[in-house]
Amino acid sequence: MAIFRKILNPISLKNLELKNRIVMPPMCQYSATDGVPNDWHLLHYTSRAVGGVGLIIVEMTNVAANGRITANCLGLWNDEQEQAFKKLVDSVHAQGAKIGIQIAHAGRKAQDEPNAVAPSAIHYGELDYAGQNLITPRQLSIDEIKALVQAFADSVKRAVNAGFDAIELHAAHGYLIHQFCAPKSNQRSDEYGQDRLLFGEQVIHAVRAVMPDEMPLIVRISAQEYGENGFDSDYGVEIAKRFSSAGADVFHVSGGGDGVLCEGKHPEFYAGYQVALARKVKHATGKPVIAVGMLDDPAVADHVLGVGDADLVAIGRGLLRDPYWVLNAQYQQNCSDGKDVQFVPRQYERGFM
C-alpha cells in the first residue's frame, strides 16, 4: 500500500490551523425543526470530530425561512438557532476538530416554499425526480436583493458569534448565488442581469465586513454546469477570479447543479472526476482549493494533494458511511509496520494497536 504523504499533513488557512487536509463537506441532513440544530446534528458532527476530521463544514444553513430547500433544513436567522449552534461548535472543538458552516439561500430550489424567489421567474425544471411539477419562483425586486445581501451578513455575524472557525458561502449546485451567476437562470435586464456576478460579489463584501480579518472565507462554486446550455469551466474560472478579488480566501470547487444532466456536458463519474476543475481554479486564482468528487479512497485523495491539484480534499459519502474514515485509513496503512495512528482519542487507542 502506498504511504500517505499529504492527507495527514497540517495546513493553515489564514489564522485557521488544521491538523490534516481532510474536510467533511456540507451534506444536508433534513432533520431540523424551525431551522434549529438538535441532538441528531450534535451526534452527527461530533462523531466525525472524534474520528479525526481536520475541518467539518456544517450543512447548508439558510439566511431566511423561504431560503430552505425543505422545512427540515437548518437556519441561522434568529437567537434560538444561534444558541443551538454554540452548543454544537463547543462539542466539536472539545474533540479536537475545527468547524465551519455553509451559509446559503436556496432560491428557486426551495420547492417546499410557496414564496420561493429567484433572480428571474424561471423554474428549475418541468418535473422533479418524483415526477411532480416544480413551482415557478417569483422574481426578486432590487430592494429584496439588497435585503438578502444584508441577510447573508446577519447570518454570518451570528455564525461568528456562535464560535465557528470558518465561513463557507454556497455559490454552487444551483442555489441562489449560483442562480445569479448563471446566464440560463438570470435573465434580468437591470444591474444584476447586466453584471451577473454582482450579487455574489456584494454578498462576499458584506460578510467579510462582519468577519474577523483572519477568519477564512470559503466559497463553494460550481466551476462548470452540466446541464443543457450550462456555462463552461472558463466562465467558472471568471466567477472564481471575481470572487477572489472580492475577498474569498479558499474555493471549494464542484460542478453541476443547473438541472438535468446533459449528455456531452458532464464528465464520466469516476474517482476524482471533478479534480480538474479544482486544479483550474487553483491555477487561475492562486488561492487554496478543496477538491471534491468520489475521493473516498485515501490513496486517490493523497495523490490529488501530492501532485498539487488541490490543497485539501472533501470526503463526503465516505464519511457518511464511516465516521472514523480518517482513523481507519491510517490504521490500514500503518498496522503492518507498527506505526502510531494519529488523532485517536485515548478511549479508542486499544482498537488501533
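Predicted model: local features only at pLDDT ≥ 70, side-chain atom pairs only at ≥ 80, totals over all residues.

Reader: How many salt bridges does the structure hold?
Author: 14. A salt bridge here is a side-chain nitrogen of Lys or Arg within 4 Å of a carboxyl oxygen of Asp or Glu.

Reader: What does R158 pair with?
Author: E82, at 2.9 Å from N to O. R158 sits in helix 3 (residues 142–162) and E82 in helix 2 (residues 79–94), 76 residues apart. Helices are DSSP runs of H or I, at least four residues, numbered from the N terminus.

Reader: Are R158 and E82 buried or exposed?
Author: Both are buried. Buried means under 20% relative accessible area, exposed over 50%, partly exposed in between (1.4 Å probe, protein chains only).

Reader: Next, K280. Which residue does it bridge to?
Author: D234, with the closest N and O atoms 2.7 Å apart. K280 is in helix 8 (residues 275–285) and D234 in helix 7 (residues 233–246), so the pair ties together parts 46 residues apart in sequence. K280 is partly exposed at 32%, and D234 is too, at 47%.

Reader: And what about E144 and R138?
Author: Their side chains meet in a salt bridge at 3.0 Å, N to O. E144 is partly exposed at 26%. R138 is partly exposed at 34%.

Reader: Which residues are linked in a network?
Author: Salt bridges link K14, R208 and D249.

How values were computed:
Residues numbered from 1 in each chain as written. Heavy atoms only, no water. Helix = DSSP H or I, 4+ residues; strand = E, 2+ residues; numbered from the N terminus.
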